[in-house]
Amino acid sequence: MEQTTSRPAVLVRCPFCSTLNRISLARAKDRPACGECAKPLLLDRPVTITDKDLDRIIAESDPPVVIDFWAEWCGPCKIMAPILDEIARTRTGTMLVGKLDTDRNPAASARYGIRGIPTLIVFHGGKEVARQVGAVPRQKLDEILDRVIAAAG
């Protein structure tokens with residue numbers, strides 16, 4: 001696992017070799033590489049999160065972590081996808097945006113009480129600090145995220 005002493009940092013799983021990497025957000029726009037396989041870790045788009053790594057990513061990431069609980073068959077989830085892509089791109093270096101497929105990861109869905117999708121949960125300091133159920137316009141999501149960042153300040 002790549003170690004950095006610079007803060008804030010996020011924990012992400014490499015999509016190529018599955019190694020967990022701790023990445024300084026100051027390096028997020030520089031396309032940091034996995035410490036194991038040296039392939040790029042792209043933080044300017046939502047990262048895939050699973051039951052296996054969700055709790056550790058939430059606990060070991062310093063900035064806010066936005067998790068989109070979604071499913072492939074969900075129409076409102078498809079509406080939110082490009083909004084979350086844009087959030088990840090425009091807020092690179094300030095937060096981590098992740099997507100968790102509820103059909104493939106039922107344990108996390110049950111643990112966090114996901115009853116409708118999409119559900120967006122914002123975590124900070126290892127705890128849930130905001131939740132939004134259902135599709136919302138970009139402006140509403142930005143308001144939620146701005147409040148969380150201001151409170152984390």
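Two strands are taken to pair if DSSP finds at least two bridges between them. Strands of a sheet pair through backbone hydrogen bonds, in either a parallel or an antiparallel manner. On this basis, the predicted model contains an open sheet of five strands in the order β3-β5-β4-β6-β7, and the pairing is mixed.

Strand β4 is joined by six bridges to strand β5 (residues 96-101), and the two run parallel. Within this pairing, Val 65 has Leu 96 of β5 as its bridge partner. Strand β6 (residues 119-124) and strand β7 (residues 127-133), in contrast, run antiparallel and are likewise joined by six bridges. Here the bridge partner of Thr 119 is Val 133 in β7. Strands β6 and β7 form a hairpin with two residues between them. In the turn, Gly 125 has a positive phi of about 65°.

Two packed helices are described by the angle between their axes and by the distance between the axes. For helix α2 (residues 75-90) and helix α4 (residues 138-152), the axes come within 10 Å and cross at roughly 45°. Helix α2 is therefore oblique to α4, and the crossing of the two is right-handed. On the α2 side, the contact is made by Met 80, Ile 83, Leu 84, Glu 86, Ile 87 and Thr 90. Helix α4 contributes Arg 138, Leu 141, Asp 142 and Leu 145. Classified by type, the residues in the contact of α2 with α4 are six nonpolar, one polar and three charged.

Aromatic side chains were also examined. Rings are counted as a pair if their centres lie within 6.5 Å, and by this rule the count comes to two aromatic pairs. One of them is formed by Phe 69 and Tyr 112, with 6.3 Å centre to centre and 50° between the planes, and is tilted. Phe 69 belongs to strand β4 (residues 65-70), whereas Tyr 112 lies in the loop between α3 (106-111) and β6, so the pair ties together parts that are 43 residues apart in sequence.

Technical notes. Residues numbered from 1 in each chain as written. Predicted model: local features only at pLDDT ≥ 70, side-chain atom pairs only at ≥ 80, totals over all residues. Heavy atoms only, no water. Helix = DSSP H or I, 4+ residues; strand = E, 2+ residues; numbered from the N terminus. Axes fitted to C-alpha atoms, helices over the stretch in contact; angles between N-to-C directions. Parallel < 35°, antiparallel > 145°, perpendicular 65-115°, else oblique. Left-handed = near helix turned anticlockwise from the far one by under 90°. Contact = heavy atoms within 4.5 Å. Nonpolar A, V, L, I, M, F, W, Y, C, P; charged D, E, K, R; others polar. Phe/Tyr/Trp six-rings, centres within 6.5 Å; stacked < 30°, edge-to-face > 60°.
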